[in-house]
Amino acid sequence: MPVLILCALVLGLLFPSQVGILCPYVTTMMMFQTFANSLSSSVQDLARVLSHPKPVLVIMLTLHILMPLLALGIGSLCFPSQPLYTLSLVLLEASPAAVSALMWVVVGSGSVELCLSIILLDTMLSPIILPLTIRILCGSVVALDTAGMMKELLIMIVIPAAASMLLCRVAGKEACTRGKQFLSPFSKLALLTIICANVTRCAPFLRDLNGELIVLIVLTLLMRIIGLLVGCLLSKLLRFQYPVELTVAVNSSMRNNAAAATIAAQYFPSEVVFSPSVSPLFSQFTISLAVQIMQKRQAAKEKSN
């Protein structure tokens with residue numbers, strides 16, 4: 001996926017006029033992707049995880065308080081004359097948990113139930129959390145269409161996720177799991193197309209790449225690493241077992257970049273699209289390395305015991 005994401009980014013940047021014809025269909029593709037990835041999630045799984053809420057609270061605290069505040073502070077320090085770049089970072093950090101985090105949790109032998117529950121809970125809360133965070137932290141930077149953002153998030157994320165949960169309830173979890181596996185290639189194709197279409201708005205800036213944009217690219221990578229470190233540190237302090245520790249770290253770092261870039265493209269100036277558009281490449285790369293390191297550390301720990 002990192003290689004394919006890089007190809008999608010390059011394609012959108014090199015041929016913005018041609019790829020730009022896909023932009024009107026991004027919302028529809030987001031709906032499909034959310035539905036396909038939410039299959040096999042259930043209210044029962046969420047209720048079971050919430051009965052032991054500490055890991056959930058840690059992830060939500062990191063996702064929607066610590067990381068957005070950190071993005072605001074770093075962005076304001078680095079871009080005093082370019083508040084839209086700060087908004088780009090804050091929007092990314094305030095976006096909901098990444099559905100693709102589940103893939104890395106499975107690869108790293110983390111807690112699948114916890115990861116699914118976080119994705120489901122954060123998805124349902126995103127129409128409230130994301131616009132509210134942007135209004136509180138960056139409301140003075142641009143005029144905000146809060147109602148429009150809430151409606152867009154409901155259409156793109158909440159309704160498809162709710163539909164998949166209802167289908168899981170009616171058809172059964174086993175059937176939905178098979179359906180999720182069948183739709184997986186199409187979901188990945190939709191994600192690549194969304195990335196390709198959204199990044200077309202960044203093309204004019206990259207033709208005149210300046211020092212501030214290079215700093216923004218570096219900070220986008222840095223925020224992914226910081227999210228991982230914060231998740232690992234809090235897990236160590238709270239003595240979480242390895243599966244929960246890995247899940248907390250992965251979910252603390254990864255974001256629904258496609259949703260963030262789509263919201264940025266539809267409701268904000270083009271500068272705001274930059275960070276959510278380049279983030280997928282960094283998030284996949286950093287998570288792949290982190291999961292490998294954590295797996296090796298756990299294997300060494302088990303061997304020593």
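User: Leaving aside its neighbours within four places in sequence, which residues is Gly12 in contact with?

Analyst: Contact means heavy atoms within 4.5 Å. By that rule Gly12 touches Val19, Cys196, Val199 and Thr200, once neighbours within four places in sequence are set aside. Please keep in mind that this is a predicted model, where local features need pLDDT of at least 70, side-chain atom pairs count only at pLDDT 80 or more, and totals for chains, interfaces and linings use all residues. Residues are numbered from 1 along each chain as its sequence is written, and side-chain values use heavy atoms, with hydrogens and water left out.

User: Is Gly12 buried or exposed?

Analyst: Buried means under 20% relative accessible area, exposed over 50%, and partly exposed in between, using a 1.4 Å probe and protein chains only. Gly12 has 0% relative accessibility, so it counts as buried. Its place is in helix α1, residues 2-14.

User: Which residues touch the most other members of the largest nonpolar core?

Analyst: In soluble globular proteins, nonpolar side chains tend to be buried together. A nonpolar core is a set of buried Ala, Val, Leu, Ile, Met, Phe, Trp, Tyr and Cys residues joined through side-chain atoms within 4.5 Å. In the largest one, of 49 residues, Met30, Leu91 and Phe268 touch the most other members. Another core lies apart from it, with 20 residues, including Leu228 and Ile287. Ser253 is in contact with Leu228 and Ile287, as well as with Arg224 and Gly227, leaving aside neighbours within four places in sequence. Ser253 sits in helix α13 and is buried, at 0% relative accessible area.

User: What lines the largest pocket?

Analyst: Rolling a probe the size of a water molecule over the atoms shows where empty space is left. On a 1 Å grid over the protein atoms alone, with a 1.4 Å probe, a pocket is an open set of points with protein on both sides within 12 Å along at least five of seven lines, and lining residues have an atom within 4 Å of a point. The largest pocket has 20 lining residues, and Asn37, Leu102, Lys180, Ser184 and Lys188 lie nearest its centre. Helix α10 gives the most to this lining, 8 residues. By class, the lining has 8 nonpolar, 9 polar and 3 charged residues.

User: Which residues lie nearest the centre of the second largest pocket?

Analyst: They are Phe240, Tyr242, Glu245, Gln298 and Lys301, out of 11 lining residues. Helix α15 supplies the largest share, 4 residues. This lining holds 2 nonpolar, 3 polar and 6 charged residues. In these class counts, Ala, Val, Leu, Ile, Met, Phe, Trp, Tyr, Cys and Pro are nonpolar, Asp, Glu, Lys and Arg are charged, and the others, Gly among them, are polar.

Key. Helix = DSSP H or I, 4+ residues; strand = E, 2+ residues; numbered from the N terminus.
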